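This report covers salt bridges and nonpolar cores. The sequence and structure are shown first.

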Amino acid sequence: MPVLLTFIARTPDGLPLVTSTPPPSTSSSTGLSPTDLEVFKRQAKSILRSVDMSRRSGQSKCSIESDGGYTFHYLQSAEDGVVYMALTERSYPKRLAFLYLDEVSEAFVSGVVEEYGDRWQSVIQTSDRPYQFIKFDRVIQKKTREFVDPSSRENTSKLKEDLADIQSIMKKNIQEVLKRGENLERMNDISSQLVNDSKKFKWGAKKLSYQVMIQQYGMIVGLGGAFCFIIYMKFFW
């Protein structure tokens, strides 16, 4: 079974940079309908928006069990400001899934460095449109084909050489992550409402200040104006 979906997104806002589906040669073996794929894409976007951004160095790895026997795996690179994620069947070896993401991340960074040089991180962080790096899909497709069969000689060799500690990989449930995403969106809504309320309060306070000033000095100004008018009429008219 191949890697079913691959995502590369920017942190901290989860802006999708690349999304890749299985190559045509393997798509018939995924067992997923177009509707299923759309559901998983929506879940993936929610996960990417809720990735913990508190880490400032190194990498973090996490596996999130979804419905129907599928699992999301993501690799977050704090230095790059990028998160890489793949969807596989739950039976797909977890270590191999992260080896896949390691190779995808290396290929992606190598590609953007080749194109943009030292500006590559700035280009990613200032990107204002989704899927700006979609041309790297062909690189991901190549990697996907290499990782189709976990029992192949190449992949078996990679697993033997891999020294990563699988126990260090976090494990979560999709419902927990989606709920966290909903809470984050709710917090954003509350924050926006507070900003609006603050603006209204500021304008209300300013308006009230004007009213108090008029009440305090309006009569004095009026009497002063009347006195000046009387003097003018008496001596200059």
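## Arg 10 and Asp 13

Asp 13 counts as partly exposed at 39% relative accessibility, whereas Arg 10, at 7%, counts as buried; buried means under 20% relative accessible area, exposed over 50%, and partly exposed in between (1.4 Å probe, protein chains only). The two form a salt bridge whose closest N and O atoms are 2.6 Å apart. A salt bridge here is a side-chain nitrogen of Lys or Arg within 4 Å of a carboxyl oxygen of Asp or Glu.

## Basis

This is a predicted model, in which local features need pLDDT of at least 70 and side-chain atom pairs count only at pLDDT 80 or more, while totals for chains, interfaces and linings use all residues. Residues are numbered from 1 along each chain as its sequence is written, and side-chain values use heavy atoms, with hydrogens and water left out.

## Other salt bridges

The whole structure contains 7 salt bridges. Glu 115 and Lys 135 meet in one of them (2.7 Å, N to O). Glu 115 is in helix 3 and Lys 135 in the loop between helix 4 and helix 5 (137-146), so the pair ties together parts 20 residues apart in sequence. Helices (H or I, at least four residues) and strands (E, at least two) are DSSP runs, numbered from the N terminus.

## Nonpolar cores

The largest nonpolar core has 29 residues; such a core is a set of buried Ala, Val, Leu, Ile, Met, Phe, Trp, Tyr and Cys residues joined through side-chain atoms within 4.5 Å. Helix 3 supplies the largest share, 11 residues. A second, separate core of 19 residues includes Leu 4 and Tyr 74.
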